[in-house]
Amino acid sequence: MNTINKWAYFLILWLTGGCIILCLSGCKKYLDYPFTNNVRIPTYLSDLQGLMDDAATMNENRTPSLVETSSDDYFCLPERYAALDDWPKQAYIWKPYDYRYPNDWAICYYPIYISNFCLDMSKDIERTSGNASEWDHVNGSAYFFRAYYFLQLAWTYALAYDEATASSDKGIVLRLTSNYNDPSVRSSVAETYKQIIQDAQRSASLLPNLPMHSYRPSKAAAFGLLARAYLSMRMYDSAYYYADQAIAIKSDLINYNGDPDLGTLTINYPFKRFNKETLFYSEMNTTGTSSLILASRARIDSMLMNNYETNDLRRTAYFTKSGNYYQFKGSYTQTSRNFTGISTAELLLIRAECLVRSTTNGSGNLQKALEDLNNLLSKRYRTADFIPVTANTREAALDRILLERRKELLFRGLRWMEVKRLNKEGKNIVMRRFLDGNLYTLEANASYYALPIPIDIIEVTGIPQN
Amino acid sequence: MQRINDLNNPDLRWEKSRQLNIGMDFSSKGKHISGSIEYYEKKGTDLYGNTLYDYTTWGNKGTVVTNTSNMKGQGIDINLRSINISRGEFNWQTNFIYNYNTSKTTRYLSDDAKEFNMLLDGSIITPIVGEPLYSITSYRWGGLNNQGDPQGYVNGQLSTDYNAIGNSITVDGIDGGSLVFIGTSVPAHFGSIINELRWKRLSFSFNLMYKLGYYFRKTAFTLSELNGSGIGHPDYYKRWQQPGDEFSTNIPAYVYADYPQYTGRDGFYRYASVHALKGDHIRFHYLNIAFDLASRKTKRFLQSGQVYGNLANLGIIWRSNKEHLDPDYPNTYAPPRQATIGFRCSF
């Protein structure tokens with residue numbers, strides 16, 4: 001009896017001890033495991049790719065809206081203007097306004113954070129022959145997104161690039177790591193563009209020619225981004241080079257006379273989303289002042305509207321009549337959100353403009369520029385009575401190309417930069433608003449072209465306001 | 001597809017709390033009165049709270065959670081049982097529970113506390129040193145004007161410029177005069193009184209709960225809810241309808257909200273101090289009645305047996321607010337009355 005008791009005691013002790021050891025090792029394993037339900041610490045390339053495939057963060061509802069609401073392709077109906085909040089009201093007449101989160105600044109620095117995070121994390125992942133294409137895609141995409149949103153921010157919060165003053169003009173905050181403790185400082189405009197170009201070039205060298213989906217960056221998109229950046233800097237030779245490279249990869253155009261990517265021209269949003277012209281897809285955000293450009297409030301500037309001839313199919317595809325005026329319905333997002341991505345048509349227009357501006361190759365370039373322009377316009381005008389554009393002088397051709405740029409690319413977040421750039425070329429474009437019998441103007445090259453930075457950012461970081 | 005939900009903040013420390021308790025149990029001779037009394041002091045440091053930060057670093061949120069504040073609190077818990085009558089088969093006991101507690105913010109680590117939205121509803125730690133840890137603030141109420149529009153204050157002057165009122169609280173916080181500090185949103189005194197009566201095999205008990213010394217915010221009649229969502233509000237019937245009504249009502253006129261002068265009117269009115277009410281109330285929590293079936297005669301086949309009835313959520317028997325609102329459920333219906341009848345036994 002006694003012995004049995006002893007044995008039983010021993011057995012119990014042994015089992016309990018075993019259980020404790022089992023438990024300890026179990027716990028350790030559990031703690032090492034980086035998964036808890038749906039939450040995990042991203043460690044693999046596929047995680048990083050997954051972060052950048054989140055279109056709701058990287059593409060949609062994203063690019064600045066203040067650049068569009070501050071531009072002159074539209075005007076706000078006075079009775080609708082009256083019901084707006086303070087900020088859009090002030091923004092409309094170019095009055096500096098102290099605004100806070102949420103805003104374009106926050107919305108654009110979010111995908112930049114994701115890009116930096118992916119770049120930081122992939123530093124710890126060795127590039128091997130097995131993962132090379134995935135590794136390149138992750139890094140190339142991260143560089144692209146960072147450059148893409150840096151450029152959007154530069155268009156919004158910095159003055160136009162001017163070689164003479166670029167190293168002293170205030171640029172944007174160039175965040176290059178995901179480290180939250182790094183302080184934010186403003187770079188110069190020169191540093192801003194240098195970083196954008198460096199990132200975009202790196203992404204071009206790492207990405208495949210064309211993407212699986214236009215949400216994703218590609219070599220063609222990176223070339224398009226470089227063309228945009230160089231155009232903003234008024235470095236037309238480089239802009240030409242990259243536009244040309246992008247077009248060499250993809251040059252599809254939607255024929256507005258009839259095309260699988262097109263519904264009936266008169267309907268709301270006739271263009272298919274992710275259509276063949278879309279090299280890279282992004283949308284303008286609907287935050288802050290964007291209430292100004294809701295279709296119910298915004299009407300197309302009448303002078304601009306007059307430039308769409310009756311045989312210009314964009315007149316019916318882009319606009320619908322509302323009272324005495326027209327409102328916009330031609331977004332490539334196939335929704336009320338504005339498309340701000342890169343299209344083949346935009347690149348054709350960049351190439352054409354740069355060709356005309358180029359002083360080499362005599363009139364040969366002028367002819368090539370008109371070819372590009374007419375190639376596009378033949379898909380935009382009614383085929384039956386389209387007469388190709390001719391021009392005898394460079395100036396005449398340039399004027400027409402710039403006009404077509406404006407007609408083709410309205411509500412794409414491009415006009416604000418366009419006006420800044422052209423004013424640096426001496427175009428002297430003065431924006432005007434009429435409101436309650438008052439005239440408000442924004443003079444060419446005004447300092448307000450670098451839009452106000454959110455006041456809470458100024459307060460927390462101490463960076464200088466525009 | 002993956003998404004980052006939160007920023008890793010290596011500087012975040014655990015919240016720390018220290019508590020000191022002193023207590024005493026007591027009982028009178030014959031146990032007619034017994035109970036316990038306990039005093040406690042609590043200190044919390046590095047409490048979590050939202051702080052403004054440089055959202056250039058991330059962008060997805062306007063604030064991050066950091067260790068923002070310290071608090072200090074104290075309180076008393078009293079539990080008192082008395083046997084009021086115990087004579088033969090009749091017995092009456094009362095159990096009295098009383099809790100007192102008070103706590104306040106003793107330090108707010110973030111320098112930018114002033115920059116917060118100072119319209120507090122008790123959901124975040126009060127970013128003002130010396131004030132109750134969870135509090136309610138409201139727009140200072142200036143009555144209705146002769147158009148039936150609610151008025152606040154800007155720079156000490158009556159105003160219906162709701163944007164300016166809003167800006168004033170963002171810029172000047174609690175010091176600007178557009179806001180008033182109402183008080184704690186947590187009851188300072190609370191507890192219950194349970195009475196139990198027993199006569200032979202019949203027993204009867206009921207509980208009264210009380211909460212005293214705090215404030216809550218009632219709902220308001222707003223244009224956006226009525227026009228936008230079709231949600232009505234009984235205050236509509238008491239609204240301003242013609243000049244002169246402003247002397248007898250605080251409910252603004254029903255107007256077309258899209259007119260520019262009404263931008264922000266709802267937001268102001270909803271958080272105006274007329275909607276901050278004292279929450280003090282006493283509630284009839286439950287009533288139990290039971291009859292014991294087991295007796296000496298039944299013991300052979302029944303160990304114990306009971307028929308019982310219970311009524312719960314019997315409503316409020318006293319409240320400080322005159323608008324007949326339940327401070328525990330200012331936005332929704334209070335839970336309905338519940339009646340239970342049952343039989344319980346063991347063999």
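A residue counts as buried under 20% relative accessible area, as exposed over 50% and as partly exposed in between, with a 1.4 Å probe and protein chains only. By that cut-off Ala369(A), at 1% relative accessibility, is buried. This is a predicted model, in which local features need pLDDT of at least 70 and side-chain atom pairs count only at pLDDT 80 or more, while totals for chains, interfaces and linings use all residues. Residues are numbered from 1 along each chain as its sequence is written, chains are lettered from A and ligands numbered from 1 in the order in which they are written, and side-chain values use heavy atoms, with hydrogens and water left out.

**Chain A overall**

- Chain A has 466 residues, of which 56% count as buried.
- Its secondary structure comprises 18 helices and twelve strands; these are DSSP runs (helices H or I, at least four residues; strands E, at least two), numbered from the N terminus.
- The C-alpha atoms of chain A fill a box of roughly 115 × 50 × 50 Å along the principal axes.
- Chain A is divided into domain 1 (2–33) and domain 2 (45–461), with bounds that come from an automatic or database domain assignment.
- The centres of these two domains of chain A, taken over C-alpha atoms, are separated by 67 Å.
- Among contacts in chain A (heavy atoms within 4.5 Å) with a separation of 6 or more, 73% are accounted for by residues 24 or more positions apart.

**Helices H2 and H7 of chain A**

- The axes of H2 (residues 45–52) and H7 (residues 104–122) of chain A come within 10 Å and cross at roughly 170°. H2(A) is therefore roughly antiparallel to H7(A).
- Axes here are lines fitted to C-alpha atoms, for helices over the stretch in contact, and angles run from 0 to 180 degrees between N-to-C directions. Angles under 35 degrees count as roughly parallel, over 145 as roughly antiparallel, 65 to 115 as roughly perpendicular and the rest as oblique.
- H2(A) contributes Leu45(A), Leu48(A), Leu51(A) and Met52(A) to the contact, and H7(A) contributes Ile114(A), Phe117(A), Cys118(A), Met121(A) and Ser122(A).
- By class, this contact of H2(A) with H7(A) has eight nonpolar, one polar and no charged residues. Ala, Val, Leu, Ile, Met, Phe, Trp, Tyr, Cys and Pro count as nonpolar, Asp, Glu, Lys and Arg as charged, and the others, Gly among them, as polar.

**Buried positions in helices of chain A**

- Glu353(A) is in helix H14 (residues 344–357) and is buried, at 0% relative accessibility.
- Ala369(A) is in helix H15 (residues 362–377). With neighbours within four places in sequence left aside, Ala369(A) contacts Ala352(A), Leu355(A), Val356(A) and Ile401(A).
- The C-alpha atoms of Ala369(A) and Leu348(A) are 9.0 Å apart, at a distance of 21 residues along the chain.
- Ser141(A), in helix H8 (residues 132–157), is buried at 1% relative accessibility. Leaving out neighbours within four places in sequence, Ser141(A) contacts Met52(A), Leu207(A) and Pro217(A).

**Backbone features in loops of chain A**

- The peptide bond from Tyr101(A) to Pro102(A) is cis, with omega near -5°. Pro102(A) lies in the loop between helix H6 (86–92) and H7.
- Asn428(A) has phi near 50°, a positive value in a residue other than glycine. It sits in the loop between helix H17 (415–424) and strand E11 (431–435) of chain A and is exposed, at 53% relative accessibility.
- Asn445(A) also has a positive value in a residue other than glycine, with phi near 60°. It is placed in the loop between strand E12 (438–442) and helix H18 (455–461) of chain A and is partly exposed, with a relative accessible area of 45%.

**Chain B and its interface with chain A**

- The interface brings 28 residues of chain B into contact with 36 residues of chain A.
- Chain B and chain A bury about 2,700 Å² between them, 57% of it on carbon and sulfur atoms. Buried area is the accessible area (1.4 Å probe) that two parts lose on being put together, summed over both.
- In chain B, Gln2(B), Tyr55(B) and Thr56(B) lose the most area to chain A, together 26% of what that side buries.
- Gly213(B) lies in the loop between strand E10 (202–212) and strand E11 (215–217) of chain B and is partly exposed, at 25% relative accessibility.
- Gly213(B) and His189(B) are 24 residues apart in sequence and 6.3 Å apart in space, C-alpha to C-alpha.
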